[in-house]
Amino acid sequence: GIQQLGKAFEKLGMSPQSKSKLETLFRTQTSLAYGAGRWQGDQDPAIQEILWGYEYVTAGDDRVRPEHEALDGTKLPKEDPFWERFWPPNGWNCRCVALPIYKDETEAVSKPPPRETDDGNPVQPDEGFGFNTGRLVAAPSTVIELPPLYVDPPIAKRKQKSKKKVQ
């Protein structure tokens with residue numbers, strides 16, 4: 001996956017400076033696509049009939065950001081406005097997911113998210129995130145502009161700059 005993506009970027013004149021940047025692009029785009037597919041799949045009337053809502057779940061390791069960790073375990077009905085802003089992924093390299101909760105599951109009780117992390121910072125998606133990809137798929141004219149991910153400029157621009165001895 002990552003090597004194929006790297007080759008595709010090279011053909012387009014783009015080359016991330018490191019493997020980790022390429023992996024970040026790959027993981028984030030995959031997560032955005034998964035999130036959109038999950039949401040769209042759940043819009044099927046047969047699923048809507050039995051779906052109560054979702055639980056926000058992190059990867060549960062030491063790399064989870066405090067803002068995302070604060071959301072872990074949040075359980076809300078499917079129509080709650082929370083899912084418009086906090087549908088995963090909520091940042092670059094975000095590994096969080098929204099797990100479906102069905103009406104027949106006994107734990108289908110709302111657990112709202114906190115407003116702050118343990119260290120007092122507001123709980124919010126990372127800059128440039130904070131949208132539901134599944135809803136955007138339903139509105140294809142919508143353009144998403146994610147914040148820059150420090151990707152190298154196209155190769156042609158890099159060659160021009162190398163003549164000026166950019167550090």
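Me: How many helices and strands does the protein have?

Reply: This is a predicted model. The protein has seven helices and three strands.

Me: What pattern does the protein follow along the sequence?

Reply: Read along the sequence, the pattern is α-α-α-β-α-β-α-β-α-α.

Me: How far apart are the end C-alpha atoms of helix H2, and what span should its residues give?

Reply: Helix H2 covers residues 19-41, which is 23 residues. At 1.5 Å a residue, H2 should span 33 Å. Its end C-alpha atoms lie 32 Å apart, which agrees.

Me: Which residues in H2 are buried?

Reply: Start with the general idea. An α-helix has 3.6 residues a turn, so residues three or four places apart point the same way. Now the case here. The buried residues in H2 include Lys21, Leu25, Thr28, Leu32, Gly35 and Trp39. Leu22, Thr24, Ser31 and Ala36 are buried in H2 too.

Me: What is the order of the strands in the sheet?

Reply: In general, strands of a sheet pair through backbone hydrogen bonds, either parallel or antiparallel. Here three strands form an open sheet in the order S2-S1-S3. The pairing is antiparallel. Strands S2 (75-77) and S3 (97-102) are the edge strands, and each pairs on one side only. Neighbouring strands of this sheet are turned by 30° against each other on average, direction ignored.

Me: How many bridges join strand S1 to S2?

Reply: Three bridges join S1 (residues 51-57) to S2, and the two run antiparallel. Look at Tyr54: it stands opposite Leu76 in S2.

Me: Which residues have the most contacts inside the largest nonpolar core?

Reply: In soluble globular proteins, nonpolar side chains tend to be buried together. The largest nonpolar core here has 15 residues. Tyr54, Tyr56, Leu71, Phe82, Trp83 and Trp87 have the most contacts inside it. S1, helix H4 (66-71) and helix H5 (82-85) each supply at least two residues of this core. S1 gives the most, with three residues. Apart from this core lies another, of five residues, among them Phe9, Leu22, Leu25 and Trp92.

Me: Which residues is Leu71 in contact with, leaving aside its neighbours within four places in sequence?

Reply: Leu71 is then in contact with Tyr56, Phe82, Phe86, Pro113 and Val123.

Me: What share of the contacts comes from residues 24 or more positions apart?

Reply: Count the contacts in the protein with a separation of 6 or more: residues 24 or more positions apart account for 72% of them.

Me: How many of the residues count as buried, as a percentage?

Reply: Of the 167 residues of the protein, 38% count as buried. The accessible surface comes to about 10,500 Å². Carbon and sulfur atoms hold 53% of that surface.

Definitions and conventions
Residues are numbered from 1 along each chain as its sequence is written. This is a predicted model: local features need pLDDT of at least 70, side-chain atom pairs count only at pLDDT 80 or more; totals for chains, interfaces and linings use all residues. Side-chain values use heavy atoms; hydrogens and water are left out. Helices (H or I, at least four residues) and strands (E, at least two) are DSSP runs, numbered from the N terminus. The expected span of a helix is 1.5 Å times one less than its number of residues. Buried means under 20% relative accessible area, exposed over 50%, partly exposed in between (1.4 Å probe, protein chains only). Two strands pair if DSSP finds at least two bridges between them. Axes are lines fitted to C-alpha atoms, for helices over the stretch in contact, and angles run from 0 to 180 degrees between N-to-C directions. Contact means heavy atoms within 4.5 Å. Accessible areas come from the Shrake-Rupley method with a 1.4 Å probe; for residues, only the protein chains shown count as cover. A nonpolar core is a set of buried Ala, Val, Leu, Ile, Met, Phe, Trp, Tyr and Cys residues joined through side-chain atoms within 4.5 Å.
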